[in-house]
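Have a look at the screen and I'll talk you through a few spots.

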Amino acid sequence: MPTPFAARLLPCLLGLVLLGLPSSRAQGTVPAGTERASQVARCLKLRRDTPPVAAALAESLLREADLTVEDELKTLSCLGIAAGLSGDRKRAVEAGARMERLVLAHPELALAFRARAYSQAGSVFHGAGQIHRAEAAYLRVQDLARQLPADEAALFRATTLSNIGLIHADYLDSPEVADGFHRKALAIAASVGLEDPAILHNHVLNLVSLGRTAEALAVIDQGEAMAHRRQALAVVERLRAERAGIWIAQGRLGPAQQVLTSVIRAQQTSADTPGLAGSLAKLSTLQRIAGDPTAALVTARRAWSHVDGTPQPQKQREVLRAWMAAHAALGQADGVMAVGARLHALEMETL
């Protein structure tokens, strides 16, 4: 069974779930040299933990004249995800479109490989805010998965259901509906032994939005352990931030601040800008509750700078609400109204 890569992914963009593309050797084609294969694998590993480094490596690899079709698809996946996380929507969408064209031009590719390529192209579009294109790619995945053995088809069902749950939560304001998709995704993943911490991360975000904090904390424990096993460092930090957010709501400000300080430092190093924005929004809330609304306002504005103009509706809403609350704590009604107008515009644009 192929090894899955965690998204959320994204989103996430880290909130997005991806299945890894198997090696060229597994497809029965001539494998690239050991060094080339190592560089492609390194790109896939770095695309979430250090997106700018991964994007630069992908661009370098794509300039090579002798890439196999499989390696080109893997590299485009690396570029699309990394570019999306770095805020370069145009480059991400171009990478996703190139993936689709490449798969169509090579019908000889193995069925499972084609399904994974469409799955990753869909995740690239999803992370770039191209929801209709993402849905179209996910439908192609499902069509292809029906022709695969049951266990392998289940892998695609789990990841696709998790991503559809994200669409309901992020774009349709339907966390109750999203909850059903996430639970189905988790059940299917468990049935085939799929360990993807991004699926758990997506479920945590939805549980928090539904106010089910006790369950969310239990899933965070499970997700952190799995993310450490899978070496999904970006997922680890985002889950830690969600734990801190729950602690803030419970009044445990000291432990929450310690965790957020560590998480923010790690996310700055890895350039996980959406994750950083969410962590800063939580820090702003903590500062306001602790009696320092001026610092809370500065932190909220800093958080917004990391998601302004990006396809990150969930993180944008979190930041805008923290920003509004800071203005309110300072008695700045005009500021509340101005940020509230941004939030309203975001909700309308998302719908």
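Predicted model: local features only at pLDDT ≥ 70, side-chain atom pairs only at ≥ 80, totals over all residues.

Let's start with helix α3, residues 69-85. The helix has 17 residues and spans 24 Å from first C-alpha to last, close to the 24 Å you'd expect at 1.5 Å a residue. Now, is α3 mostly buried or exposed? Well, 16 of its 17 residues are buried, so the rest of the structure largely encloses this helix. After α3 comes G87, and that glycine has a positive phi, near 90°.

In general, nonpolar side chains tend to be buried together in soluble globular proteins. Here the largest core has 47 residues, and the ones touching the most other members are C43, A54, L73, L76, C78, L79 and F156. Helices α1, α2, α3, α4, α5, α6 and α7 each put in at least two residues. Which helix gives the most? That's α3 again, with 9 residues. Then, apart from that one, there's another core of 30 residues, including A241, L253, I264 and V319.

Okay, charges. The salt bridge count comes to 21. Take R183 and D179: their closest N and O atoms sit 2.8 Å apart. Both are in helix α8, 4 residues apart, which is about one turn. R183 is partly exposed at 33% relative accessible area, while D179 is buried at 10%.

E237 and R240 make another bridge, at 3.1 Å between the closest N and O atoms. Those two are 3 residues apart in helix α11, again about one helical turn. E237 has 16% relative accessibility; buried means under 20%, so E237 counts as buried.

The one I'd point you to is E242 with K282, a side-chain salt bridge at 3.1 Å, N to O. E242 is in α11 and K282 is in α13, so this pair ties together parts that are 40 residues apart in sequence. Both partners are buried. There's also a network: D179, R183, R212 and E215 are joined by salt bridges that share partners.

Last stop, S279, which is in helix α13, residues 273-289. S279 is buried, with a relative accessible area of 1%. What does S279 touch, leaving aside neighbours within four places in sequence? The contacts are A241, L260, V263, I264 and Q267. You've met A241 and I264 already, as members of that 30-residue core.

That's my tour, happy to take questions.

Terms used:
Residues numbered from 1 in each chain as written. Heavy atoms only, no water. Expected span 1.5 Å × (residues − 1). Buried < 20%, exposed > 50% of the residue type's maximum accessible area, 1.4 Å probe, protein only. Contact = heavy atoms within 4.5 Å. Core = buried A, V, L, I, M, F, W, Y, C linked by side-chain atoms within 4.5 Å. Salt bridge = Lys/Arg side-chain N within 4 Å of Asp/Glu carboxyl O.
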